Amino acid sequence: MTETFSGNKGLRLEEPLIFEMDTPGSTGVDVADPATDELRLGGLERKTAIGLPGLSEPQVIRHYTRLSQKNYSIDAGFYPLGSCTMKYNPRLNERMARLPGFSDIHPFQPVSTVQGALELIDTLADWLKKLTGMPAVAMSPAAGAQGELCGMLAIRAALEARGDKRPVVLVPESAHGTNPATAAACGYKVEAIPGDARGRVDTKAFKERLGPDVAAVMLTNPNTCGLFETDIIELSKAIHEAGAFFYMDGANYNAIVGRVRIADLGADAMHINLHKTFSTPHGGGGPGAGPTVLSDALAPFAPLPYVVHDDQGYRLVETDLDAQAEGTQPFGRLKGFHGQFGVFVRALSYIMSMGADGLRQASGDAVLNANYLLETLKDTLTPSFEGPCMHEALFDDRFLKDTGVSTLDFAKAMIDEGYHPMTMYFPLVVHGALLMEPTETESKETLDVYVATLKDLARRARENGAEAFKAAPQLTPRRRLDETQAARKPVLRWRPEEPVPEAAE
């Protein structure tokens with residue numbers, strides 16, 4: 001590769017850390033000296049330099065603009081990240097979230113001044129209840145994992161209310177990865193239920209393990225293999241006959257929204273990732289929201305706060321005393337205030353612009369796209385299970401056998417081709433997993449180019465061996481990292497280099 005004096009390669013600019021760009025004395029502002037020397041900090045004056053770099057305004061703007069151009073995003077290209085539903089997010093939703101009446105309000109405002117915001121929360125809750133067929137929904141959970149926690153805490157509260165303390169939660173191997181962690185965080189002993197050769201729950205093993213010590217089952221449907229649990233009604237009936245509760249993980253709800261009512265499957269609780277199913281830019285830590293729908297048995301235990309609507313308008317139930325007057329027994333409060341309001345706005349904007357028919361079409365198109373990948377790639381890659389699939393296509397690394405190329409090598413080579421890799425090594429029940437979720441927003445033309453690229457990479461792996469793949473990626477600003485050292489000894493904070501001591505005379 002051609003080397004340059006500057007380190008830049010065309011428009012791919014070499015970007016130092018902002019601290020390395022420090023020019024002492026430089027600043028992007030011109031502030032007049034204060035009119036008085038009197039300090040008003042009550043003895044809290046800084047004793048050392050603040051430690052921020054000195055830069056002009058153009059330096060700051062160019063630095064962050066160049067950094068943004070190194071990001072991969074759904075606005076830049078196809079994002080086949082399995083289990084994450086990285087769909088394109090309509091800009092209409094962003095415009096709605098930025099309306100002053102939504103973006104400028106504060107949770108400490110009097111309820112009388114935020115009637116519109118409370119109506120929005122209530123309207124979104126009504127949509128979620130209608131789509132799932134469930135009678136209640138807790139809106140406050142801030143993310144999918146917290147939505148899981150909400151459902152499991154409601155289950156624990158319901159069991160305690162009937163004096164039935166059960167210690168065990170069953171989690172199928174095909175469930176979402178956070179499920180066992182959530183159950184353990186709630187104080188339960190977690191036991192795994194194996195899958196069968198079809199990539200679904202082993203119904204016989206499942207029924208044999210159910211008993212009076214089982215508090216709940218946390219099952220993901222469609223599961224992390226991208227498959228619908230065909231015995232779901234039979235499983236839920238068995239759970240309830242054993243006196244346990246059925247928590248259904250809603251991480252993959254995008255595959256069935258508008259087509260399957262969760263209540264009809266017998267679920268007692270399910271969180272909904274609004275940011276995935278109903279469109280909010282996410283990844284890299286947020287934003288997100290995880291409202292949790294609840295059955296009649298769990299509805300009284302929904303957490304505070306929640307919105308109620310009566311002749312006086314919309315109001316918030318925020319205390320145990322208020323809840324007692326409403327006839328409920330909330331298990332407590334999950335987070336401060338009332339949920340992720342900006343995500344609520346985006347989700348309701350998406351739902352209302354799509355309508356019930358549009359949501360049904362979106363889930364159908366998501367399943368169609370995934371099956372298109374499964375069908376067009378099945379003779380080149382190796383599908384883990386027989387199709388059809390739901391919203392994601394699952395392959396494994398058998399097609400790389402005897403090439404010396406690993407799943408990770410294959411994914412790194414995709415970066416040089418301009419693609420964010422699919423999810424690798426997950427679900428854990430499949431060796432060398434390659435999990436792809438195209439979502440409904442990708443066109444056939446986009447998928448055709450993606451398929452052709454993967455086929456070419458597979459051909460090169462078979463014909464040319466591992467050397468080029470081990471070196472990938474080669475066209476990025478940085479080469480492949482030592483991922484073991486990056487995990488065990490991460491450098492998370494910049495520090496100036498220590499001066500080299502002068503040699504003693």
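Predicted model: local features only at pLDDT ≥ 70, side-chain atom pairs only at ≥ 80, totals over all residues.
Visitor: What percentage of the residues count as buried?

Guide: Buried means under 20% relative accessible area, exposed means over 50%, and partly exposed lies in between (1.4 Å probe, protein chains only). Of the 505 residues, 47% count as buried.

Visitor: How many helices and strands are there?

Guide: Both are DSSP runs numbered from the N terminus: helices are H or I with at least four residues, strands are E with at least two. This protein has 15 helices and 13 strands.

Visitor: Let's take a helix. How far apart are the end C-alpha atoms of α13?

Guide: The expected span is 1.5 Å times one less than the number of residues. For α13, residues 444-464, that gives 30 Å for 21 residues, and the end C-alpha atoms are 30 Å apart, which agrees.

Visitor: Which residues of α13 are buried?

Guide: First the general idea: an α-helix has 3.6 residues a turn, so residues three or four places apart point the same way. In α13 the buried ones are L447, Y450, V451, T453, L454, L457, A458 and A461. They cover an arc of only 160° around the axis, which puts them on the same side of α13. That arc is taken from the directions from the helix axis to the C-beta atoms. On the face turned away from the buried side sit the exposed residues E445, E463 and N464.

Visitor: What do the buried residues of α13 pack against?

Guide: Contact means heavy atoms within 4.5 Å. The partners are α11 (341-377), α12 (407-416), β13 (434-436) and α14 (467-471). Just after α13, G465 takes a positive phi of about 80°.

Visitor: And α12: how many of its residues are buried?

Guide: Seven of the ten, so α12 is largely enclosed by the rest of the structure. Among them are F410 and M414. The buried residues of α12 pack against β12 (423-424), β13, α13, α14 and α15 (483-488).

Methods: Residues numbered from 1 in each chain as written. Heavy atoms only, no water.
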